[in-house]
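Dear colleague,

I am handing over the structure we spoke of, and I would be glad if you could look through it alongside the notes below.

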Amino acid sequence: MTPNKLSSNRLPLNNPTSVAPVALITGITGQDGSYLTELLLDKGYIVHGIVRRSSTTARNRLDKLFYDGDVHEKRLFLHYADLDDSTTIRRILISSRPDELYHLAGQSHVGASFEIPETTCRFTAMGTLKLLEIIRDLDKQPKLLHISSSEIFGRPDTSPQNESTPMRPVTPYGVAKTFATQMVTLYRNSFDLFACNAICYNHESPRRGESFVTRKITRAAAAISQGKQDSLSLGSLDGRRDWGFAPDYVEAMWRMLQQPDADDFVLATGKDHSVRDFLDAAFQTVGLDWEKYVQQDARYMRRSEGAQLVGDPSKAAANLDWTATTQLPELAKIMVQADLDALK
Ligand code: G4F
């Protein structure tokens, strides 16, 4: 692949009077980025993606598309840039001229944000502001979707939370996301950008990163059942989260940008479960009792974390006609089964 090569940007659709819409995705190699890419390609979009430059490019979630000669460099184009490299990001935006920009990139691990708060703020907070500044100057301004997080609510007074719940983050990640979320709203109101926040609660899948608790659990359940692992070390088992299925969430993100007006939406299942509940569901899939294998390890405990984080998705249901289809225990089963298949 030639880095930053931008060609065939607009291709005719089957209908000769129309051209394919163009999307640009930051964080295209992540869980959400890969599902969103598949969704948009299915809908006939030309998709451009920004990939973080590193010596070992983790692109495995996109491999199927990357090695498909009908897709890569025909309908899917990848470009290398870091989020804080404004010059390169601007160049990619000017050349690709997207109709829609999905900003999914950032340091997404809440626990890690205590160890690397500066990096978290550099990419998640300042990276978003830099993107907004670039868009503000463009002749053709794309519609922007920013992936925000339930972490902005911290320890809220009310449960479930909705779009009006005050932001009171309690983690470096939550603080960075709050800055980015409020900047998106500010640019929408002050500079008339079509800019939206998708306030996403936890969303998981077989493509979830291996250090997040759900995937850590489902990989362990699969490996222990096959005699390939003895035990699983976790942090707090009391944390409660609103866990949904990632492909549902990217569908909602796309729907948000098809609305007549820019707005913020909570994307959630509306139900919360503890880490223990997830362990129950995952280990039941392989017929094992998790209590025999799980130990708690201080290394995975957080200095502080959000509590009572459960979302009220009624605005998304009413305006986007969207609901989360897959929840526990099905979600855990899907993930364990995929991890069992990967072991075979
Ligand atoms: O899987 P987690 O690391 O997800 P967390 O912190 O809720 O953050 C995820 O969801 C947010 C909301 O959508 C996103 F904004 C964010 O980017 C990310 O995708 O932890 C979930 C729960 C926590 O209570 C944590 O303390 O699991 C608990 N936990 C217990 N043991 C653990 C572990 N978490 C991790 N990662 N690793 C453990 O060993």
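The notes that follow take up the annotated site and then some backbone features.

Please keep in mind that this is a predicted model. An unreviewed UniProt entry lists Thr-178 and Tyr-201 under "active site".

Thr-178 lies in helix H5, which covers residues 172-191, and it counts as buried because its relative accessibility is 8%, where the cut-off is under 20%. Leaving out residues up to four places away in sequence, Thr-178 touches Ile-152, Met-167 and Pro-169.

Tyr-201 sits in the loop between strand S6 (195-200) and strand S7 (203-204), and at 1% relative accessibility Tyr-201 is likewise buried. Beyond its neighbours within four places in sequence, Tyr-201 is in contact with several residues, among them Ser-150, Phe-153, Asp-242 and Tyr-249, and its side chain makes a polar contact of 2.7 Å with the side chain of Gln-161.

As for the backbone, most peptide bonds are trans, and most residues other than glycine have a negative phi. A cis peptide bond, however, joins Ser-159 and Pro-160, the latter in the loop between strand S5 (143-149) and H5, and another joins Leu-328 and Pro-329.

Note on methods
Residues are numbered from 1 along each chain as its sequence is written. This is a predicted model: local features need pLDDT of at least 70, side-chain atom pairs count only at pLDDT 80 or more; totals for chains, interfaces and linings use all residues. Side-chain values use heavy atoms; hydrogens and water are left out. UniProt positions are given in the numbering used here, feature names are shortened, and annotations may be inferred rather than shown by experiment. Helices (H or I, at least four residues) and strands (E, at least two) are DSSP runs, numbered from the N terminus. Buried means under 20% relative accessible area, exposed over 50%, partly exposed in between (1.4 Å probe, protein chains only). Contact means heavy atoms within 4.5 Å. A polar contact is a pair of N or O atoms within 3.5 Å; within protein, one must be able to donate a hydrogen and the other to accept it, and residues adjacent in sequence count only if both atoms are side-chain atoms.
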